[in-house]
Each structure stands twice: as C-alpha cells, then as structure tokens.
Amino acid sequence: MILDTLFLLKDVYPHGYALGMNLASRHLRLWVVVCLLSVLPTVALSHPVTFEDGIAFSSVFRPNAVLVESAYSTSARFALGLTYMRQEMDDERLQGGFVNGNVLLYRRNAAASQANLYGIVGVGTGGDKWSDPLGLAAFQTDFETSRFYTAWMGRAVTDGTSRWWQTTYRIGFAPYEAEFNELQSWLVSQVSYMPHMASTPNVSMLLRFFYRTVLWEIGGDLHGRPWIQLMVHY
Amino acid sequence: MNVKRLCFGFLFLITGLTAWAHAEPKPADADVVLHVKGMVCSFCVQGVEKKLLEIDSVRKAVVKLKGRTVYLWLHANKDVKDKTLTDAIESAGYNIASIERRALAAPPTPVVPPTSGTSSSKGS
C-alpha cells in the first residue's frame, strides 16, 4: 500500500513522489514482487536466462495448476532459479519446490530474429509432507522476431519411482511492432499435453500484452478454464 | 482466493505503474550508434540498456527496437572503446552488427584580437 500511494503521488504531488521513489529503492520493489508472486499460481519463464545480473519472475495461474519461477542470471548464459509447481489431478497432487540451473545452450542472433535452446536441471523436495526428494529436467527452444514467436518446451519431474512429464508448444503473432515504451499486443495459441492430467492435449487461446519490463497473458482453453500469466524482468 | 485476487490486482498495478514513459533525446546527435543483432522484444531492450549504462563514459542510452539500433551519448570529453561496447552487448546476450561514431567537431579556433600598433605587457 505504501508503494501504491507513492506511485499515485507522481501526478498529484511530484515532490512527494520523488521522495517516495528515493525511499522505495529497486531492491524494495523487488522483494514486494517476490512476496506477491509467491501467492500466485502458475507462471512459466519465457526466458530462463536473461542478461548478466538480470532477475526474472514468472507466474501462471490455472484452476488446477500452479507454476512460479524465478531466476537470477549470473551471465548471459547461466541463471540460478527457484521453481514451485503444483498440479491437481483426480486422485493425486503433484507439488514440489526446486532449485534449478538454467543454461543457454545455443543462441543465434540474426538481424531481426533470435533463436534459443535452453536446458534446465533442478533438485528439490515435494509430496504432501514436503519430504520426498524430486528431480526436475526441462528444455525450451524458441524462435522469435518482433512480430512472430514460436516455442516448444518440455518438463519432467521424478521422485525416483514415478515420472511426470509435460510438453507445450506455442505460436504467436503480433499485428504491429512496438517500441519499448509502447504496448505490444499478441495473439498466442498454445497446445499442452500432460498425460497425468488429461488423456488429450489441451488447446488454449491467449492475449499477450507486452509493455517495457512487464508481460502478461490472459485467456483460456477450449473447456473454458482460464489462464493468467504475469512475467516481470529486473 | 479473494486474498489471491487482491494480491494479483495489487501486483498488476505495481508492475504496470513501474513502467514510466520518459522524454527521449534526438538520435541525430548521438555520439555513438550501435546496430545490434537479436533484439526482438522489450526484455531485450531492457538488458541492452542496463548493460550499456553501466559503462562509466556512457551518459545516456536510447534503444530503438524497430530499427534494432542503440544511440549513445557520452559524458563530456569521454570516449568508449569498441571492445567495451561489444562486451556490454554480449553480456546482455546479443551481438553488435556495426558501430558508428559521430565525427567530433574541430576544436574552436581561438579568436585573436587585431593588433593596434602598441604593445603592453603585464606588470610584474
């Protein structure tokens, strides 16, 4: 609430806003975001590795699934991350918290496009009593321009006995290009397959909004289940 | 659930309000112009700008995403090496295609007052 009040002061009382911004340092805002994102369900990092000293938070909300991810990039090729996931199935719940390493395995920078391949490996704990050791492995590959985006990702979790895996493919189009200070809108289609949750792939249609350092998506699948995603980079 | 919605709305407000627009200087008088490969989204711009502003001699950086171009203004009497710029862009995860520098203006010619036939010297 303090931060909210400070931001509103910008237009009403600029001097008060300047004082407030001095008090609300970058690190304070960072921890506020961390605390708030921790209560939100589901999110998925679009960039598991960002830039040197960059910090990324991602959260996805679905009625029966939660994914919260954060990552600190020590370089443009490696990031240390924390992941929390929960998936509710008919007869069981999969949940776990992980510490993971995200590696940029390959990147191709072209004049107007970028292609990436990421690998993610993590260890953690989960289960109803948070006492079961878990392992996490994932990959993500994507290709994007300023108006086209496609990505394919896969994730697997194991407790040494059972394995849960999922794969997702996305494709998106932006009707126009936008600068950093302009809002860019996207239309995104997503197909997810999680055999432990549904016998058939799940198709979702999403609207993506991208403005400066914030990305958020809203939409739903063909069964009417909502999808909300928020991503912030620092 | 109500608490979660409230927190989500609050977070939405904070993250949205953190994105302030600001007046941009004219690119035409930039000291250095970089053409960068791989910049395709706002997150890319953020990383490039942050790493360039960490260079001491860089006073201001403006990234134009549509043109894949970065305009830099340097502090007075300061310069920056091509390698420093290349390292900064690569630490952000991108590659430089080319670097252009604005030709420095010739130092102003001192104005010599016309001689009047007499001379004077400063007293000791």
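Analyst: Two strands are taken to pair if DSSP finds at least two bridges between them; helices (H or I, at least four residues) and strands (E, at least two) are DSSP runs, numbered from the N terminus. This is a predicted model, in which local features need pLDDT of at least 70, side-chain atom pairs count only at pLDDT 80 or more, and totals for chains, interfaces and linings use all residues. Residues are numbered from 1 along each chain as its sequence is written, chains are lettered from A and ligands numbered from 1 in the order in which they are written, and side-chain values use heavy atoms, with hydrogens and water left out.

In chain A, 12 strands form a closed barrel with antiparallel pairing, in the order β1-β2-β3-β4-β5-β6-β7-β8-β9-β10-β11-β12. From one strand to the next, the twist averages 15 degrees; axes are lines fitted to C-alpha atoms, for helices over the stretch in contact, and angles run from 0 to 180 degrees between N-to-C directions. Gly124(A) has Leu134(A) as its bridge partner in β6(A). Helix α2 of chain B (residues 42–53) packs on this sheet and touches β10 (202–211), β11 (214–221) and β12 (226–233) of chain A, where contact means heavy atoms within 4.5 Å. The direction of α2(B) makes about 15 degrees with that of β12(A).

Chain B contains 3 helices and 4 strands, and its elements follow the order α-β-α-β-β-α-β from the N terminus on. The 4 strands make an open sheet ordered β2-β3-β1-β4, with antiparallel pairing. Its edge strands, β2(B) (58–64) and β4(B) (95–101), each pair on one side only. Here the twist averages 20 degrees from one strand to the next. Strands β2(B) and β3(B) (residues 69–74) run antiparallel and are joined by 6 bridges; Val58(B) stands opposite Leu74(B) in β3(B).

Helix α2(B) also packs on the sheet of chain B, touching β1 (32–37), β2 and β3 of that chain, and its direction makes about 165 degrees with that of β2(B). Helix α3(B) (residues 82–91) touches β1, β3 and β4 of chain B, at about 145 degrees to the direction of β4(B).

Of the 124 residues in chain B, 39% are buried, that is, under 20% relative accessible area (1.4 Å probe, protein chains only).

Note on methods. Buried < 20%, exposed > 50% of the residue type's maximum accessible area, 1.4 Å probe, protein only.
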